[in-house]
Amino acid sequence: MELKVVAFGIARDIIGGKETVVDLPEGIAAGEAMIRLKAQFPAFNELTSLQLAVNEAYVEPDYAISRGDELVLIPPVSGG
Amino acid sequence: MIEITPHKIDIPRLIAHVSDDGAGATDVFIGTTRNMTSDKMVVRLDFEAYEPMAIKEIQKIVDRAEAQWSILKYAVVHRVGTVEIGEEAVVIAVSTPHRQAAFEACKFIIDELKKTVPIWKKEIFEDGEVWVAAHP
């Protein structure tokens, strides 16, 4: 399935734009999706952390991603 | 009240929002932008937020605070966009019957906000810019 991945902060600088499209198998675990994204963008490995939010919430690595999920890359937060 | 805003934060409005006849105490945390980081001069800060999730995560933090302390009213407002040196980037106000809860709840909310809420700040220097805490 083709999914849009939105990036904020330094993640946006790394992917070179606000979003990218990735092709992932239906039901892939979020942790596995993150491994693939890091392989595609190795600079992600240098960050202190990088999380995947799905539909506006943090998910566990075993969360199964489905068609229509909104994926957002969350680099280290620094609000407040 | 939870808001993400590009506008200057109206602190008196937030204090008025949390006022309650049952409150013996109101605590207000104001986070302002500093002009120095390590030993480098900061020209300004730029903030961005994943807004719908930021509001949800702030709500989760407030819900946890309400489970631990008797909070009458609260207001959490975070700015996005450019915040000049000395300006308020985040304001948290809570009102409670007794003061200990006000101090503790307000501190809890800002401490947790800094850990989980999807908001990012970039420090702008004369000679470059850095996303805070992005790299070890």
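**Interface and local packing**

In the predicted model, 26 residues of chain B are in contact (heavy atoms within 4.5 Å) with 22 residues of chain A. The model is a prediction in which local features need pLDDT of at least 70 and side-chain atom pairs pLDDT 80 or more, while totals for chains, interfaces and linings use all residues. Residues are numbered from 1 along each chain as its sequence is written, chains are lettered from A and ligands numbered from 1 in the order in which they are written, and side-chain values use heavy atoms, with hydrogens and water left out.

The area buried between chain B and chain A is about 2,100 Å². Buried area is the accessible area (1.4 Å probe) that two parts lose on being put together, summed over both. Carbon and sulfur atoms give 56% of it. Two salt bridges are found across the interface (a side-chain nitrogen of Lys or Arg within 4 Å of a carboxyl oxygen of Asp or Glu). Glu56(A) forms a salt bridge with Lys56(B), with the closest N and O atoms 2.7 Å apart.

Chain A holds an open, mixed sheet of five strands, in the order E2-E1-E5-E3-E4. Strands are DSSP runs of E, at least two residues, and helices are runs of H or I, at least four, numbered from the N terminus. Two strands pair if DSSP finds at least two bridges between them. Strands E2 (19-23) and E4 (57-58) of chain A each have a single partner strand, so one side of each is left without a neighbour in the sheet. E1 (residues 2-7) and E5 (residues 71-74) of chain A pair in the parallel sense over three bridges. Val5(A) has Leu71(A) as its bridge partner in E5(A).
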